[in-house]
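Before reading on, take a moment to look through the sequence and the model side by side. The questions below go through it one region at a time, and each answer works towards the value or name asked for.

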Amino acid sequence: DVLGQVRAHLSPRLALVYGMNGAGAVEAGGAGARVDLSDGRSALDFGSYAVTLLGRRHPDVVRAVVAELETMAVSTRVLANGTTAHFAARLADYADPGRLTRVWLGLNGSDAVEAALKLARLATGRSRVVAVEGAYHGKSMGALAATSNHRYRRSLEPLLGGVTHLPADAAAVPGAFEPGDVAAVIVEPVQGEGGVKPLDPAFLTALAAAARKHGAFLIADEIQTGLRRCGERALSVSLGLRPDAVLYGKALGGGVQPLSALVATEELYAPLAADPFVHTTTFSGHPLGAAAGAAALRAVEELAPRGTRLAALLAGGLERLKRRHPGLVTAVRGRGLLWGVEFGPAGAAGDVLLELTRRGLIVSPCLGRPEVIRLVPPLVAGDDQVEEALDILDATCAAVPD
Ligand code: PMP
């Protein structure tokens, strides 16, 4: 009994969450946007915390990983590895070619955040970090200091010091930079866990300009927004913010390998260029992840036009949903294939999430905003699957009392 084992050895509460999400069933397979459950049913996966951008087991990614597994060098730390070098070169030519040319590879979003904050401190000799209220950057101790959610911070104070969280308001920007000792500014162009909140372009522009003016590095956390999730390779670059680093994670390993990356300017990367041992982790640049990542980047670019079409369908459908259920749905927000639906009545979002699962649509909650559910369909979803998800949402909203 899988849930029994989870309850006994991992966490009773985790078993509850898994039980709810699969309505008591476990994952048994699937393809594309569809997941098969062990009880014979199947569901559309528009959740999975933005990891399954390419759906389940994308054939190109699987083929690349299997081929790598059969030939790969075992050690990544002693000899140079061709697969890893090739992937780094692809990434260095991806987010902002010619400018973001240096790469550090990690295994999860938090470690890319840690790398960025350390590099900014080393490169500037300063220690302060400016982040944004509502931000989510991970839960390792350094990343947690940049995450603003009280729930995860409160019992761990004091955290890494020197982080200021400013409101996402251009008027608040100048005050955050005095007395001029800021090493890094870290920002998600659309806050994911914070309730799917696209930040005001005027605020982002003011933040980027202040960072430049005060000699602080601008770190764009695109762990959720990047890789065409919001339509662009890096939203921060497309918005003209000229970040000093873009962070990728989640879908970077094609949904089959744990993988993250910091893609940075020469200037921010300088401490690592001078001494690679200032920031290492044993499995950094592991070739299986690199093989998955190279295949995933290729697939994501091929699917980008389809993503644009699905995004228009989804945006239109969610606006209709809001109009049809005005007492229940108080806002829909998003960009590309990252959307949040906010529910007015207390507890309604949780009820809707459970009912959606029962009716065959998996969505994600937002870790920082329990009243918002998040829809993150894969680029490989069919138009009909987006329509099906919208129908399930509509029927569920009609069934849940407001
Ligand atoms: N940054 C952002 C924007 C994220 O959404 C997340 C994960 N939700 C992280 C960082 C942390 O990534 P990980 O959970 O892989 O450590």
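Predicted model: local features only at pLDDT ≥ 70, side-chain atom pairs only at ≥ 80, totals over all residues.

Q: How many Å separate the centres of domain 1 and domain 2?
A: Domain 1 is made of two stretches of the chain, 2-57 and 304-399, while domain 2 covers 59-300. When the centres of domain 1 and domain 2 are taken over C-alpha atoms, the separation is 26 Å.

Q: Which element gives the most to the side of domain 1 that touches domain 2?
A: Where the domains meet, 27 residues of domain 1 are in contact with 28 residues of domain 2. The elements that give two or more residues to this side of domain 1 are β13 (329-335), β14 (338-343), β17 (369-375) and α12 (287-324). By class, this side of domain 1 has 14 nonpolar, seven polar and six charged residues. With four residues, the element that gives the most to it is α12.

Q: What is the orientation of α3 and α12 relative to each other?
A: Helix α3, residues 59-71, packs with α12 at an angle of about 155 degrees, and their axes are 8 Å apart. Angles over 145 degrees count as roughly antiparallel. The orientation of α3 and α12 is therefore roughly antiparallel.

Q: How many charged residues does the contact of α3 with α12 have?
A: On the side of α3, the residues that meet α12 are Asp60, Val61, Ala64, Val65, Glu68 and Leu69, and among those they meet in α12 are Pro287, Leu288, Ala291 and Arg298. By class, this contact of α3 with α12 has 12 nonpolar residues and no polar ones, and the number of charged residues is three.

Q: Is the crossing in which α4 passes α12 left-handed or right-handed?
A: Helix α4, residues 82-92, packs with α12 at an angle of about 35 degrees, with their axes 8 Å apart. The contact brings Thr83, Thr84, His86, Phe87 and Arg90 of α4 together with residues of α12 including Pro287, Ala290 and Leu297. The crossing in which α4 passes α12 is left-handed.

Q: What are α13 and α14 to each other, in terms of their orientation?
A: Helix α13 (residues 348-358) and helix α14 (residues 383-399) pack with their axes 10 Å apart and at an angle of about 130 degrees. Val352, Glu355 and Leu356 in α13 meet Ile392, Leu393, Thr396, Cys397 and Ala399 in α14. Roughly perpendicular covers 65 to 115 degrees, and roughly antiparallel begins over 145. The orientation of α13 and α14 is therefore oblique.

Q: Which residue does a cis peptide bond join to glutamate 157?
A: The residue asked for is found in the loop between α7 (150-153) and β6 (163-166). The cis peptide bond has an omega of about 0 degrees, and the residue joined to glutamate 157 is proline 158.

Q: Which residue has a positive phi although it is not a glycine?
A: The residue in question lies in the loop between β3 (42-45) and α3. Its phi is about 75 degrees although it is not a glycine, and the residue is alanine 50.

Key: Residues numbered from 1 in each chain as written. Domains from an automatic or database assignment. Contact = placed C-beta atoms within 7 Å. Nonpolar A, V, L, I, M, F, W, Y, C, P; charged D, E, K, R; others polar. Axes fitted to C-alpha atoms, helices over the stretch in contact; angles between N-to-C directions. Parallel < 35°, antiparallel > 145°, perpendicular 65-115°, else oblique. Left-handed = near helix turned anticlockwise from the far one by under 90°.
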